[in-house]
Amino acid sequence: MSTDPGPGNPWHGHLRGSTGYRRMILALFAAGVATFSQLYSVQGVLPELARDLAVTEADAALAVSAATLGLATSVLFWSLMADRMGRLRTMTIAVLAAVVLGLAVPFSPGFEWLLVLRFIEGLALGGIPAVALAYLSEEISALHSAVAAGTYISGTTLGGLAGRLVAGPLSEFVSWRVGTLVVSVLAAIAAGVFIALAPKPRGFTPVPWRSPHRIPLWKKLWMNLRKGPLLVLYAQGFLLMGGFVAVYNYLGFRLESPPFLIPASLASLVFIAYLSGTWSSRKSGAMVARFGRLPVLLSSTGLMAAGLAVTLADFLPAVIVGLLVFTAGFFAAHSVASGWIPLLGVGGRAQAASLYNLAYYAGSSLFGWVIGLAFNAADWPGLVLAVAALLVVAAALALAGLRQRR
């Protein structure tokens, strides 16, 4: 059972199986769905969007990169707000703003307006991943934090999956605008679930703006940026997420071309591979408890490389199997890295987590577009080679910089 914090009776977090634990997990699961269904709904409609707005494949991918860039830009701001207003209040404001902006995106009058709205939507969406893991680490017992973090990550995978699966078929049968609108409505429902279920914070007391005990933001950032293992973990997010988003950004274009010639309504079904990430992100917590964080991180990166190689086959079942393995590897690696951050963070857990998210979504924004140039130049083999290079660098950095950490 959980106990209230107080003098001589410090708060140790909700224990697994308690009511507070269950409400926390369900609330953060819903927050993950609300955030990532909107963030990636456009990814499932990129071929239709490119045709409708008369832009190239790489330019169409900017609709994804604009939102992730906005998210990356805002995570430090949201972490500062969370230190002042509290974790839950900050997340509530962010998710409500994101829902309103998400409902406006389908009505964009042109490509430029679409990019602007997606960027602003990303600014709002940043309030969830910037704060969620810090909120979780302060409210859940340390004994169960790895499993709880994995459950939150699984919610992000289902959100991303739902956004793509709903928007993709609707983009072919109606339009990409209707598809993304329906996703935004579903995200609004998930946001309501989060607001209704999230338990009141008990492990954190907001610091007043003029408190003499307030540590300046720049000092909190510097304390985390000067720590080598944290920099390596930030690099994991930057490189692995960049490669992951690139694969899914251009997959639809590949499947609609020879030798596959698959219509958008069916091509979007390959996003079901995300379910392997839902499973692996939760499984990674148990694997970490058994084998340690670094071995699981490296093994997960290896799985990504193996799955990526399989997608080179011009045989649809092989591509699907490759995606399943690639996706499972990515979300296991992401779950390990993101769950490791609060344990190593110094001078501010929210800032440590926000720096990881900044790197994570900066990688998504940059490589989600840049690797499209390799795809345009050398088709799928060019993309695979570029993503494989990112994986090799990530694994080398982890092996060199995290060897002494558990």
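This is a predicted model: local features need pLDDT of at least 70, side-chain atom pairs count only at pLDDT 80 or more; totals for chains, interfaces and linings use all residues.

A: Residues are numbered from 1 along each chain as its sequence is written, and side-chain values use heavy atoms, without hydrogens and water.

Q: How many salt bridges are there?

A: A salt bridge is a side-chain nitrogen of Lys or Arg within 4 Å of a carboxyl oxygen of Asp or Glu. The count is five. In one of them, Glu 121 pairs with Arg 118, with the closest N and O atoms 3.3 Å apart.

Q: Are Glu 121 and Arg 118 buried or exposed?

A: Buried means under 20% relative accessible area, exposed over 50%, and partly exposed in between (1.4 Å probe, protein chains only). Glu 121 is buried at 2%, and Arg 118 is buried at 1%.

Q: Which parts of the chain does the salt bridge of Arg 254 and Asp 314 link?

A: Arg 254 and Asp 314 meet at 3.2 Å, N to O. The pair links distant parts of the chain, 60 residues apart: Arg 254 lies in helix α11 and Asp 314 in the loop between α14 and α15. Helices are DSSP runs (H or I, at least four residues), numbered from the N terminus. Arg 254 is buried at 8%, whereas Asp 314 is exposed at 56%.

Q: At what angle do α13 and α14 pack?

A: Axes are lines fitted to C-alpha atoms over the stretch in contact, and angles run from 0 to 180 degrees between N-to-C directions. Helices α13 and α14 pack at about 130°, with axes 7 Å apart. Angles under 35 degrees count as roughly parallel, over 145 as roughly antiparallel, 65 to 115 as roughly perpendicular and the rest as oblique; α13 and α14 are therefore oblique to each other.

Technical notes. Helices (H or I, at least four residues) and strands (E, at least two) are DSSP runs, numbered from the N terminus.
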